[in-house]
Amino acid sequence: MARPKRNLLATAQATSSPPASLDDNHAIACVQKAEGKNLYLVKLSKRRDPLLVEMPARFRSQIWVKPGGYVLIDTAAFLDRDNKLDGEIVNVVREEKEWRKQSYWPPEFAKKSTYPEYSDDEESTVGKMPPSDDSDGQE
């Protein structure tokens, strides 16, 4: 049986706006890949090694997270358990523009331009003919 629509709308409403501040054990992470049923491999801004986090039941089959998306995780959720999980997803970043305006957004996750920066040293080849092979010593 499907979940009631009011549950879906309540979950969507809860994740639409960023919190005013973060707790000490909360952090924003970038999703690298889905590891299984409800497990995701995420990367924190200050750590090199990725963490394995779990998606709670209230988000399952309601909100999807794609690689490259951002989530808010709780790293203290599984400290009392002895398992391989490093945390739990608390919130899914849906309105990324609003989240980026917050003071706690990591500078390492700054938005990258889709177009590469052109340097003045390189000469553009747009609209030019390819080089000719006349310099092969024709005499």
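This is a predicted model: local features need pLDDT of at least 70, side-chain atom pairs count only at pLDDT 80 or more; totals for chains, interfaces and linings use all residues.

Me: How many helices and strands does the protein chain have, and in which pattern?

Reply: Helices (H or I, at least four residues) and strands (E, at least two) are DSSP runs, numbered from the N terminus. Here there are two helices and five strands, and their pattern along the sequence is α-β-β-β-β-β-α.

Me: How is burial read, and is Lys97 buried or exposed?

Reply: Buried means under 20% relative accessible area, exposed over 50%, and partly exposed in between (1.4 Å probe, protein chains only). Of the 139 residues in the protein chain, 30% count as buried. Lys97, in helix 2 (residues 96–100), counts as exposed because its relative accessibility is 68%. Its C-alpha atom is separated by 9.8 Å from that of Lys111, 14 residues apart along the chain.

Me: Which residues does Asn38 touch?

Reply: Contact means heavy atoms within 4.5 Å. Asn38 lies in the loop between strand 1 and strand 2 (39–44) and is buried, at 18% relative accessibility. Not counting residues up to four places away in sequence, Asn38 touches Val53, Glu54, Met55 and Arg60. For the protein chain, among contacts between residues at least 6 apart in sequence, 60% join residues at least 24 apart.

Me: What joins the side chains of Asp74 and Asn25?

Reply: A polar contact is a pair of N or O atoms within 3.5 Å; within protein, one must be able to donate a hydrogen and the other to accept it, and residues adjacent in sequence count only if both atoms are side-chain atoms. The two side chains are joined by such a contact, of 3.1 Å. Asp74 belongs to strand 4 and is buried, with a relative accessible area of 14%.

Me: How is an aromatic pair classified, and how many are there?

Reply: Rings of Phe, Tyr and Trp (its six-membered ring) pair if their centres lie within 6.5 Å; planes under 30 degrees apart count as stacked, over 60 as edge-to-face and the rest as tilted. The count is one aromatic pair. Tyr70 and Trp105 form this edge-to-face pair, with 5.0 Å centre to centre and 70° between the planes. The pair links distant parts of the chain, 35 residues apart: Tyr70 is in strand 4 (residues 70–74) and Trp105 in the segment after helix 2. Tyr70 counts as buried at 10% relative accessibility, as does Trp105 at 9%.

Me: How is a pocket found, and which residues are closest to the centre of the largest pocket?

Reply: On a 1 Å grid over the protein atoms alone, a pocket is an open set of points where a 1.4 Å probe fits, with protein on both sides within 12 Å along at least five of seven lines; lining residues have an atom within 4 Å of a point. The largest pocket holds about 230 Å³ of space. Of its 14 lining residues, Ala27, Ile28, Ser45, Lys46 and Pro106 are the closest to the centre. Strand 1 (residues 26–34) gives the most to this lining, with three residues.

Conventions
Residues are numbered from 1 along each chain as its sequence is written. Side-chain values use heavy atoms; hydrogens and water are left out. Grid points are joined across faces, edges and corners, and a volume is the space filled by probe spheres set on the points.
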